[in-house]
Amino acid sequence: MGNLLFRKTVDQSLLKAGMTIPAEIHQKILEEIGIALNKGEKQSITITIQDRQYEAMITFVNHGEAYANRNVLQIRYGAKSRICQALNAVFAYSAEKIAQAEQPEERKQLSAEEEYIEVYAAGEKALTFQCHTKDREVPEGAEEKIKIKPVLEQLLNHYVKSRQETFAGHALAAYIRGDAPEALYETGLVDRRKYLITGSAGQGNWAMVPWLGIFYKEITTSATHGVYIVYLLAEDGNTLYLTLNQGCTETSVFSDSVRNL
């Protein structure tokens, strides 16, 4: 790990959008990560949290001529970004405490002194966030939640709307077939040597019920036969089910053959 640059107490800004870098270390942090910025410019960076890498932006904010002497350097990311989801999972205590504040302005000002991050330089265009939680341990299951939650949210939040769009070449259909299974492997909960994960949004057209199946290779590698675990999105898009399924296509073919004997 590189040099410690600064410490940041967890607050609403950190959990939703990013943080402002202390003015006294602007030059130091840019030098440490090998970036030169003029006002109004930004640069993508990589931030490591618990050995996983996330994308963010470092921005030299331009407030216009009226505030020409004001220098503001920020690390920014979106409220739905992977890094934001990761931080909310790790700092669950702070996220809940801030959410319970009654007034929006109170939430903005509230911080959980028990939780903080230490920001370290980690090479060119890279930082490391060392997370310190209230219990000084990462909540059990937080790392898996970081990986699984975005996959499930993609289905719940976007599938029904996407069904109204052209199926061929659609990004969400490609995600379900490729990136979603890979993300489930990356949780570390599923051994790819023993299990096959596949997803389907339909063949030639949108399926009313998309699925992500987890197949134990010694039993089956297909949804047409055998027993397997599968995520199923309800047709209205409001509910995602995790079920134990029995493939019946080949069973049905076999039964028809028996009746014809």
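Guide: Strand β3 (residues 42-49) is joined to β4 by eight bridges, and the two strands run antiparallel. This is a predicted model. Within the pairing of these strands, Q43 stands opposite I58 in β4. β3 and β4 form a hairpin with two residues between the strands, and in that hairpin Q50 takes a positive phi near 55 degrees.

β4 also pairs with strand β5 (residues 72-76), in the antiparallel sense, over five bridges. Here V61 stands opposite V72 in β5.

Next comes burial. A residue counts as buried when its relative accessible area is under 20%. In strand β4 (residues 52-61), seven of the ten residues are buried, so the strand is largely enclosed by the rest of the structure. As a general point, side chains in a regular strand alternate between the two faces of the sheet.

Helix α3 (residues 82-90) can be read in the same way. Seven of its nine residues are buried, so α3 is also largely enclosed by the rest of the structure. The buried residues of α3 are I83, C84, Q85, A86, L87, A89 and V90.

One residue elsewhere applies the cut-off to a single case. D11 lies in strand β1 (residues 4-11). Its relative accessibility is 14%, so D11 counts as buried. A polar atom of the D11 side chain lies 3.0 Å from the backbone nitrogen of L14.

Conventions:
Residues are numbered from 1 along each chain as its sequence is written. This is a predicted model: local features need pLDDT of at least 70, side-chain atom pairs count only at pLDDT 80 or more; totals for chains, interfaces and linings use all residues. Side-chain values use heavy atoms; hydrogens and water are left out. Buried means under 20% relative accessible area, exposed over 50%, partly exposed in between (1.4 Å probe, protein chains only). Helices (H or I, at least four residues) and strands (E, at least two) are DSSP runs, numbered from the N terminus. Two strands pair if DSSP finds at least two bridges between them. A polar contact is a pair of N or O atoms within 3.5 Å; within protein, one must be able to donate a hydrogen and the other to accept it, and residues adjacent in sequence count only if both atoms are side-chain atoms.
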